[in-house]
Amino acid sequence: MSLQGKVALVTGASRGIGAAIADHLAAEGAIVIGTATSEAGAATIGDRLAAQGGAGRVLDVGQEGAIEALVDEVEKAFGPVAILVNNAGITRDGLLMRMKDEDWDAIMDTNLKSVFKASKAVLRGMMKARWGRIINIASVVGAMGNAGQANYAAAKAGIMGFTKSMAREVGSRNITVNCVAPGFIDTDMTRALPEAQREALVQQIALGRLGEAKDIADAVGFLASDRAAYITGQTLHVNGGMLMP
Amino acid sequence: MENIEQRVKKIVAEQLGVNEAEVKNESSFVDDLGADSLDTVELVMALEEEFECEIPDEEAEKITTVQQAIDYVSAHLNK
């Protein structure tokens, strides 16, 4: 139970990778606050995490002022956030020729700007504590590109650059900032892809299968732990050998 | 109750990890007390908490010495 008593905030925790991360951190002893965009999602998270002292909260990361208000409320109720996992993300796929400004902006706001805002909001507490872990969920797509995901790939690559800069800024305060870049993970997001595309993607994976949400949660759990104390500014690729950067 | 000058100097000493005796009114955080840019941001945060006020960024940038911090707090605390 290496994270005993530490407050962890996980965005987008109602399902998929975020849910697996929240469960993993809770199993390690952290008090996990998971967010979802809907009341029902937040209630589900609350049911799962309550036994370990955690809770679910409603959060639309794209809404003005919402992240700051949530962090404020969480810190008052549970104490300073020690571990932040920026996981919330959406897709608005389409070929660039057809991509609308709204598709670009929605991805930038939800997938990239939210990382900046949440990281900034928790930083004061981490600096005072002289301990912090920020783990940003990027994507293999941010490193290799993907037709039809120019907006998503740009945001995910942006997260990696943000991570490196922030790691340099706050390293002296014993705060580490890293990315986990999932490959092709079996979640609702990837189940939305056509079967033919899924099969073609699996051909590119050295291990010959899709990843599971648990594979990502294990990597996040490692980076959150004291075993990863000397790792910062890095992107840990968890993709079954789909890309070897 | 300690006066503002003593409270400011105590915070400066704590935040920058220096001996309180080294903290003179004319001391510059960066040049004399070895603060880096992140230290100065943290120092302003600590002053905000101690004196329960908010120091706007454009004002915070002008606070580079102990005396300037004392002056700022004195000017804004009595209001």
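These are my notebook entries on a predicted model with chains A and B.

**Entry 1: confidence**

I began with the predictor's own scores. The complex gets an ipTM of 0.81 and a pTM of 0.93. For chain B I noted an average pLDDT of 92, with 96% of the residues at 70 or above, that is, scoring at least 70. Then I asked which elements of chain B have the lowest and the highest mean pLDDT.

**Entry 2: a helix pair in chain A**

Next I looked up how helix α3 (residues 66–78) of chain A packs on helix α4 (residues 101–129) of chain A. Their axes lie 9 Å apart, at an angle of about 30°. Angles under 35 degrees count as roughly parallel, so I wrote down α3(A) as roughly parallel to α4(A). The crossing of α3(A) and α4(A) is right-handed.

Which residues make this contact? From α3(A) I listed I67(A), E68(A) and V71(A). From α4(A) come S114(A), K117(A), A118(A), A121(A) and V122(A). I sorted the residues of this contact into five nonpolar, one polar and two charged.

**Entry 3: where chain A meets chain B**

Last, I turned to the interface. Chain A brings eight residues to the contact and chain B brings seven residues. About 690 Å² is buried between chain A and chain B, and carbon and sulfur atoms give 43% of that area. Which residues of chain A lose the most area to chain B? I found R124(A), M127(A) and R173(A), which together account for 68% of what the chain A side buries.

Key
Residues are numbered from 1 along each chain as its sequence is written. Chains are lettered from A and ligands numbered from 1 in the order in which they are written. This is a predicted model: local features need pLDDT of at least 70, side-chain atom pairs count only at pLDDT 80 or more; totals for chains, interfaces and linings use all residues. Side-chain values use heavy atoms; hydrogens and water are left out. Axes are lines fitted to C-alpha atoms, for helices over the stretch in contact, and angles run from 0 to 180 degrees between N-to-C directions. Helices (H or I, at least four residues) and strands (E, at least two) are DSSP runs, numbered from the N terminus. Angles under 35 degrees count as roughly parallel, over 145 as roughly antiparallel, 65 to 115 as roughly perpendicular and the rest as oblique. A crossing is left-handed if the near helix is turned anticlockwise from the far one by less than a right angle, and right-handed if clockwise. Contact means heavy atoms within 4.5 Å. Ala, Val, Leu, Ile, Met, Phe, Trp, Tyr, Cys and Pro count as nonpolar, Asp, Glu, Lys and Arg as charged, and the others, Gly among them, as polar. pLDDT is the predictor's confidence in each residue, from 0 to 100. Buried area is the accessible area (1.4 Å probe) that two parts lose on being put together, summed over both.
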